Amino acid sequence: MDLPKTRQPWSLRLCRIWLGWLAARIPDHRAERFLKEWEAELAYTWQRLGSRGRDDPGARLRLFCRVFFAWRDAWHLRRTHLTSGRKRNDLLSESTMDDFLLDLRFAFRGLRKAPGFTAVALLTLALGLGASTSIYSVVRGIVWQPLPYPEPDRILAFEPRSSFSKEELRRYQAELSSFQSIAAWVEGGAKLLAEGGAQYVQGPEVSGEFFDVLGISPARGRLLRVGDDRRGGDGLVVSATFWRQLRGQSEGVVGQRLPFAGGERVVVGTLPDGMPVLQRGARLVTPLLMEEDEQWTGHYLSLVGRLRPGVSTRSAQAELGALLDRQREQNGYPADWGRSVALIPLQDHLVGPVRTRLLLLLGAVLLTLLIATVNVTHLLLARSLERQSEMSLRSALGASSGRLVRQLMTEATLLATLGGILGYLFAHAGVRGLIALLPADTPRLEEVTVDLWSLGFALGVSGITGWLVGLAPALKSARFDLRTALAAGSRGGQTAGRKRLRAGLVVAEVALAVALLSAAGVLVTSFERLRSVPPGFVPTGLLTATVAPEKQRFSTTEELETYYGELEDRLAALPGVESVTSVHAVPIHETGWRMGIYRADRPAPKDRMAPLALWRPVGNEWMATGGLTMLAGRRFSAMDRAESRPVAILNETAARELFPEGYAVGQSLFMSWVSKEPLEVVGIVGDVKATGLGLAAPRMVYRPFSQSLAKLLDIGFVQRSLTMRVAGDPAVLASAVRQTVSDHDPEAAVLFLQSMDSVIAESLASEQAVSLLLTLFAVSALMLGAVGLYGVMESSVKEQRKELSIRLALGASSRQLFRRVLLHGLGLGALGSVFGLALALALGRTLETLVFEIQPGDPKILAAVLGVLFLVAAVATGVPAWRAGRADPIVALRSE
Amino acid sequence: MTRRLNITYATGIVLLAVEHGYPFGFDIMDATGLPDGTVYPALRRLEEAGMMVSDWEPFEEARREKRPPRRYYRLTAAGHQMLAAAKAKFRGLEMVLGHPSPGQA
């Protein structure tokens, strides 16, 4: 062409490269003619297109298609060179272009001729690849996929969540120069008023800087900003789905007013579709009141911040650490104060412990896939044995060993790719199953999809699998020559090398299965231990309902007291209810609010930053109804009224830490914000695992509701969790409870209604899912290993038939033969177990962070695993061994 | 080399196109609307069977337009005979030919 190479547009160059490659596949003079002809047509067309046509993607695509199909012409030119009117046996041609398609055709035919083998192999691979792709999709969606915010790795979260106060936010904003903005948020929601009752809509309350930190732009209108979080700010941001649900269309959102309990709000903007805002299932975002003169120092906020450009996470962490050090010194706090505050990337913070568990599952499923691959390799080896004669013939007729290897590899790859495609299809169901199995509050669960990444994974892994599966049989087969094949035929066909290979594969399978079983055993035991941690109260038969009335209807504490008193009486009248009481926050499900505490007989710490304890207003019967253990002093009673002396009950941990010398009862403490007067300790109660069974019990300060109503009314937090002890199954009463609340107050929303047993179960759902899945993989691995062992022993016995029969004829007892074969098989199993144990111990480290009160190398578990393996191996070996003992010597000898 | 060639629809159309004044490969593709992969193999078979001959177009024409010369095809006498047989075999063959629009490649 006349255009210099560098000036040619890429489409043109691509076409020319393709034509050049095709031409290289055409022999002799025809190549040059082909190339010149096609290039001339291409050039003519390109010119005719003109500049306008070239920009049209449709025209370009048509041209690409046309040039692509030049391969048909090239193909024809090649074939007419080879043949002289009739097709010849392609097995002997060394030409490379037909080869791949030819191999593929032969591979298809080969698989079709052996439907049994194909079905088993394909199913095994499809299941293994399907399970792997499912887990991969989940891991990618939750752990690896970056958050949909600009530069998401510049957003850090303060840990622990829900434990910072507005005051701390202001301080950090002022003193941490590493951040360009820091914001606070708290999980919440709003009651939308509508005919038919109030609808509780979930969504976080955020300070004005929130959307600056996330960095997202609105789909419509604007997002909340500083200024919206002042008194009188009635802005609201909704998700597009919420608006569509509400009004059926997404137009005309901005400026609309929505009636909420607590006042009307104006929609100022909508979020882009599917944009997460840190609270799961959020459909709107409301401003958090951040008044400068707000006295409230409750520790219940979560903080997030965006780093200033050029600042690293490490320097921000150092700056925070230095700030906390300064405060610890100035106020004389204990050495461990503030040590739990940390900065981590937002994604890690959201995903948290789930990451390790999911990665563990991914590793386990890939190991299981590996075992399945070995099994398919066994099958392929067995089959290649049968095809030996075919292979030898082709070898004798001149097909190079490289050619044969390629043929066999193509077969294996075809099998694996088909398995991969099937696996990808299985994965759609598999992912759905996983999503159902995982706890509903798993972070980012809604972002899990089966997409092109999953397909890429399936095809990629299946390609590797095919390569692995095909390698061993192919290499073994290709080295055959005719003589060896004929000689081997008289011996039943297995060379020593092949036997060693199969034995080695079985040992590998057993090793992997043992490792998986150990891991599963450890996790299951850990889960059982976690489940049996005493929560500190009696959850069975305890039903809790969080009721949220409109705060407008209460102007005095008496009204609040009467309201809940009447509701409690109504609930007590329900059949099966033995006692009713109230609590401020449901244990394990909610944390509640932390305030600073300090002894009354010591000086107050400066800066209003003291060790934190959970503030827990409770009804007087909470200790009794909940089944908590009183350790000292008394419970709350009717004599603790609003106007009497403020009292408190400490939990064991708080009492021990605040009054280490003992005798806490009778002493006094201050709790910031809760009361200006000192609180007298009247009792000590046993610890409740309020933040989770696997965590240490937090410090708790219980207060009677009668003495807390003023504060609660002050801040407008009029909701309460009513807790009932029920004879029989609490779930039965659920609708009756809802009805009772609705009868008592139609405008009250029931935010949460569950039995405490299910609250605890849900808190363990994640661990349960992992141990369940891992057990599934381990059992699959064990079964696959057993099948592999059985197969090897079976063929070993078959091949040794002549030898065994001779022994029988010479007087050996069948018992002896049985023992011989059994020991051989068990020996393989034992060798595999040794490797497996080593592997398990090595991998044990990674499990440490996941398990509760157990050592991954726990000898009892390993012993149990070995026991199970011994049993399975005995059965898998026993059957062929028994058959060996029963071999009829005459029949065996005659068949030779 | 001459070989026996079956009269198929595709070969009939290609012969018709060349007779009707579309001597170049891509033009035949446009005019006949046949699948892109069918036309050139048909051209090759027809040429190998002696139904058509081909040559490079005159160089001056191509040089003037600053592009390489295209290969054009012509019917031989045997080709005309084959075309007549094809028209007899496939009624309505004539009507199949479309007209390529100016902007198409």
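Author: A definition comes before the fold: helices are DSSP runs of H or I with at least four residues, and strands are runs of E with at least two, both numbered from the N terminus. Please also keep in mind that this is a predicted model.

Reader: Understood. What pattern does chain B follow along the sequence?

Author: Chain B reads α-α-α-β-α-β-α along its sequence, with five helices and two strands.

Reader: And how much of chain B counts as buried?

Author: Of its 105 residues, 48% count as buried. The accessible surface of chain B is about 5,400 Å², and carbon and sulfur atoms hold 56% of that. As for contacts in chain B between residues at least 6 apart in sequence, 63% of them join residues at least 24 apart.

Reader: Let us move to the interface. What is the area buried between chain A and chain B?

Author: About 2,600 Å² is buried between chain A and chain B, with carbon and sulfur atoms giving 54% of it. On the chain A side, R33(A), E41(A) and R66(A) lose the most area to chain B, together 26% of what that side buries.

Reader: How many residues does each chain bring to the contact?

Author: Chain A brings 24 residues and chain B brings 29 residues.

Reader: How many polar contacts and salt bridges are there between the two chains?

Author: There are 10 residue pairs in polar contact between chain A and chain B, counting pairs with both residues at pLDDT 80 or more. The count of salt bridges between the two chains is six.

Reader: Which elements of chain A give two or more residues to the side that touches chain B?

Author: Those elements are α2, α3 (57-68) and α4 (70-82) of chain A. The largest share, 14 residues, comes from α2(A). By class, this side of chain A has 10 nonpolar, four polar and 10 charged residues.

Reader: Then the pair of R641(A) and E643(A): how far apart are the closest atoms, and are the two residues buried or exposed?

Author: R641(A) and E643(A) form a salt bridge with their closest N and O atoms 3.1 Å apart. R641(A) is partly exposed because its relative accessible area is 43%, a value between the 20% and 50% cut-offs. E643(A) counts as exposed because its relative accessibility is 63%, and the exposed class begins over 50%.

Reader: A change of topic: backbone geometry. Which peptide bond is cis?

Author: The bond from E159(A) to P160(A) is cis, with omega near -5°. P160(A) sits in the loop between β1 (155-159) and α7 (166-175) of chain A.

Reader: Where do Y663(A) and K66(B) lie, and what is phi for each?

Author: Y663(A) has phi near 55°, a positive value in a residue other than glycine, and lies in the loop between α20 (652-658) and β19 (668-671) of chain A. K66(B) has phi near 60°, again positive in a residue other than glycine, and is found in the loop between α4 (59-64) and β2 (71-75) of chain B. Y663(A) is exposed, with a relative accessible area of 73%, and K66(B) counts as exposed at 57%.

Reader: Finally, why does E794(A) count as it does, buried or exposed?

Author: E794(A) counts as buried because its relative accessibility is 18%, and buried means under 20%. E794(A) is in helix α24 (residues 765-799) of chain A. Leaving aside neighbours within four places in sequence, E794(A) is in contact with P880(A) and R883(A).

Terms used: Residues numbered from 1 in each chain as written. Chains lettered and ligands numbered in written order. Predicted model: local features only at pLDDT ≥ 70, side-chain atom pairs only at ≥ 80, totals over all residues. Heavy atoms only, no water. Buried < 20%, exposed > 50% of the residue type's maximum accessible area, 1.4 Å probe, protein only. Contact = heavy atoms within 4.5 Å. Salt bridge = Lys/Arg side-chain N within 4 Å of Asp/Glu carboxyl O. Buried area = accessible area lost by both parts, 1.4 Å probe. Polar contact = N/O pair within 3.5 Å; in protein donor to acceptor, adjacent residues only side chain to side chain. Nonpolar A, V, L, I, M, F, W, Y, C, P; charged D, E, K, R; others polar. Areas by Shrake-Rupley, 256 points an atom, 1.4 Å probe, with all protein chains shown as cover.
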